[in-house]
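Please look over the chain below before reading the report. The text is meant to be read beside the sequence and the structure.

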Amino acid sequence: MSRARPMSPADRRASIVAATLPLLREKGMAVSTKEIAKAAGIAEGTIFRVFDNKEEIVHACLREVLDNKALVVEIGEVDRGLALRDRLAVAVGIMQDHLKELFNLMVVLQSSGRPFQRHDHAEAERRRKEASAELDAAFVDLIGSDASQLRIPAKDFLAYLRMLTLSSVHPMLEGTNASAEELVAILLEGALKNPSNPRGKK
């Protein structure tokens, strides 16, 4: 009978991060490495073969949550056969779910009494800009040739869409809790029932 291959350091780190995230959402920074080890099904000492301390684990968890790769893949899988309005609504719904998870985690970390402090602000800002660019590119691709229907450039449209999506779920902004469909409808069609000056009319 062959023995199972030992995990590589990268796989071990990934499994620890996966086990830690639910605990962070529940307990914030109060979670212990003993609890993390139990959730991961490993000895506590195994953690320190791949992480120096708990703060490094939390940092890795935050990077995982902030990583847009899975988000970009999901948006890329939205059915291109749908109408523009429907495609955007599906994608905005994906974004709202992602942001809710992120904000819930940050709130728990802040309210745990031991908020996690980041020290790599320059690197974090670089990653944020890269992630935003990747996400914008995914949305531009989603809009596709329907960009010709917009009266503003697609990138400007996406800036407004991003602001509306963020404000709809941000816990500090007292958003409207608007659905993805409502946000897209307002941005594409405006808030007026009968615009007094339809496009093209003087």
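The model is predicted, so local features need pLDDT of at least 70 and side-chain atom pairs count only at pLDDT 80 or more, while totals for chains, interfaces and linings use all residues. Residues are numbered from 1 along each chain as its sequence is written, and side-chain values use heavy atoms, with hydrogens and water left out.

**Overall make-up**

The chain has nine helices and zero strands; helices (H or I, at least four residues) and strands (E, at least two) are DSSP runs, numbered from the N terminus.

| Property of the chain | Value |
|---|---|
| Buried residues, of 202 residues | 35% |
| Contacts joining residues at least 24 apart, among contacts between residues at least 6 apart in sequence | 69% |
| Accessible surface | about 13,000 Å² |
| Part of the accessible surface belonging to carbon and sulfur atoms | 54% |

Buried means under 20% relative accessible area, exposed over 50%, and partly exposed in between (1.4 Å probe, protein chains only). A contact means heavy atoms within 4.5 Å. Accessible areas come from the Shrake-Rupley method with a 1.4 Å probe, and for residues only the protein chains shown count as cover.

**Helix 1**

Helix 1 (residues 9-27) has 19 residues, which at 1.5 Å a residue should span 27 Å; its end C-alpha atoms are 26 Å apart, in agreement with this. The expected span is 1.5 Å times one less than the number of residues. At Thr20 helix 1 bends by about 30 degrees, and Pro22 follows within four residues; the bend is the angle between axes fitted to the seven residues ending there and the seven starting there.

The buried residues of helix 1 include Ile16, Val17, Thr20 and Leu24. Helix 2 (33-40), helix 3 (44-47), helix 4 (54-66) and helix 6 (84-111) are what the buried residues of helix 1 pack against.

Leu24 counts as buried because its relative accessible area is 0%. Leaving aside residues up to four places away in sequence, Leu24 touches Val31, Val58, Cys61, Leu105, Val108 and Leu109. Val58 is 34 residues from Leu24 along the chain, with 8.0 Å between their C-alpha atoms.

**Surface patch**

Leu166, Met172 and Leu173 make a nonpolar surface patch of about 320 Å². Patches consist of residues with over 30% relative accessible area and no salt bridge, with like charges joined within 9 Å and nonpolar side chains (Val, Leu, Ile, Met, Phe, Trp, Tyr) within 5 Å; a salt bridge is a side-chain nitrogen of Lys or Arg within 4 Å of a carboxyl oxygen of Asp or Glu. Met172 lies in the loop between helix 8 (154-169) and helix 9 (180-189), and counts as exposed because its relative accessibility is 69%.
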